[in-house]
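Please find below my comments on the model. They are given as numbered points and can be checked against the coordinates.

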Amino acid sequence: MLNRLRGGLARVMTPIADLLLARGVSPDAVTVAGTVAVVLTALTAYPTGHLLAGSLVIGLLVLTDSLDGLMARRSGRSSSWGAFLDSTLDRFGDAAIFAGLVVWFTGDGDHRAAALLALTCLVLSSVVPYARARAEGLGMTAAVGIAERADRLLAVLVATTLVGAGLPVTVLVVVLALLALASAVTVVQRMAAVRRQAQVLR
């Protein structure tokens, strides 16, 4: 769903991309700036309880995350380096979101279990893409699973926004539990996919 929203925004962002390119801004600079903005927002808004404002800002940044790629394509500067930089910095943004929630939950002694769930999601948000990257590094594929990055981000941002708007914290706790489970299942699915390919290559 998040990917479809990004696709619809591509037309809106094209003039912005052209304007930035005309002013000499590089796609890499936009990638770095976007990541810094997500990290700073997540680590300042969430720990201080500003869930609604933080989620709205991060949601906007995530939706415009493809701006750097659009700029690279329109300027003819698409490269493996750009793709690598974008994917690597995405890990920082994802980690900051869950880390911010961990800090917020740990500020309240009644939410230690929720903090553990957020921490679990933080760890698995790195393991899921690592499994795919490692498989591709070995010449295999692992683009499978029920919890892609876009789906995980959409779920946690919507839940955090709703809680920030006044719904019970239980909503976010349930979503984090489901995300942790879905991420774990995705890791197992990717491991199984690689194992099947490895057995064929023997």
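The points below cover the basis of the model, its helices, its nonpolar cores, its salt bridges and its surface.

1. Basis. This is a predicted model, in which local features need pLDDT of at least 70, side-chain atom pairs count only at pLDDT 80 or more, and totals for chains, interfaces and linings use all residues. Residues are numbered from 1 along each chain as its sequence is written, and side-chain values use heavy atoms, with hydrogens and water left out.

2. Helix 8. Helices here are DSSP runs of H or I with at least four residues, numbered from the N terminus. Helix 8 (residues 169-201) has 33 residues. Its first and last C-alpha atoms are 48 Å apart, close to the expected 48 Å; the expected span is 1.5 Å times one less than the number of residues. Its buried residues (buried means under 20% relative accessible area, with a 1.4 Å probe and protein chains only) include L172, V175, L176, L179, R190 and V194. Among the elements covering the buried residues of helix 8 are helix 5 (80-106), helix 6 and helix 7 (149-164).

3. Helix 6. The end C-alpha atoms of helix 6 are 38 Å apart, which agrees with the 38 Å that its 26 residues should span. Among the buried residues of helix 6 are A114, A118, C121, L122, V128 and P129. The buried residues of this helix pack against helix 5, helix 7 and helix 8. Just after helix 6, G139 has a positive phi of about 85°.

4. A nonpolar core is taken as a set of buried Ala, Val, Leu, Ile, Met, Phe, Trp, Tyr and Cys residues joined through side-chain atoms within 4.5 Å. The largest such core has 28 residues, and those with the most contacts inside it are Y46, I58, I97, L101, F105, V156 and L176. At least two residues of this core come from each of helix 2 (27-45), helix 3 (51-63), helix 5, helix 6, helix 7 and helix 8. Helix 5 gives the largest share, 6 residues. Leaving aside residues up to four places away in sequence, V156 touches I97, F98, L101, L172, V175, L176 and L179, where contact means heavy atoms within 4.5 Å.

5. Second core. Where else is there a core? A second, separate core of 6 residues includes M13, L67, L70 and M71. In helix 4, the residues L67, D68, L70, M71 and A72 are buried. G76 follows helix 4 and has a positive phi, near 70°.

6. A salt bridge is a side-chain nitrogen of Lys or Arg within 4 Å of a carboxyl oxygen of Asp or Glu. The whole structure holds 6 of them. In one of these, D18 pairs with R74, the closest N and O atoms being 2.6 Å apart. Because D18 lies in helix 1 (residues 2-22) and R74 in helix 4 (residues 67-75), the pair ties together parts that are 56 residues apart in sequence.

7. R149 and D90 form a salt bridge at 3.6 Å, N to O. R149 is in helix 7 and D90 in helix 5, so this pair ties together parts 59 residues apart in sequence. The side chains of D94 and R149 also meet in a salt bridge, at 2.9 Å, N to O. This pair links helix 5, which holds D94, to helix 7, which holds R149, across 55 residues. D94 counts as buried because its relative accessibility is 3%; R149, at 18%, counts as buried too. Salt bridges with shared partners join D90, R91, D94 and R149 into one network.

8. Surface. L116, L119, V123 and V127 form a nonpolar surface patch with about 320 Å² of accessible area together. Patch members have over 30% relative accessible area and no salt bridge, like charges being joined within 9 Å and nonpolar side chains (Val, Leu, Ile, Met, Phe, Trp, Tyr) within 5 Å; areas come from the Shrake-Rupley method with a 1.4 Å probe, and for residues only the protein chains shown count as cover. L116 is in helix 6 (residues 112-137) and counts as exposed (over 50%) at 53% relative accessibility. L178, in helix 8, counts as exposed at 53% relative accessibility.
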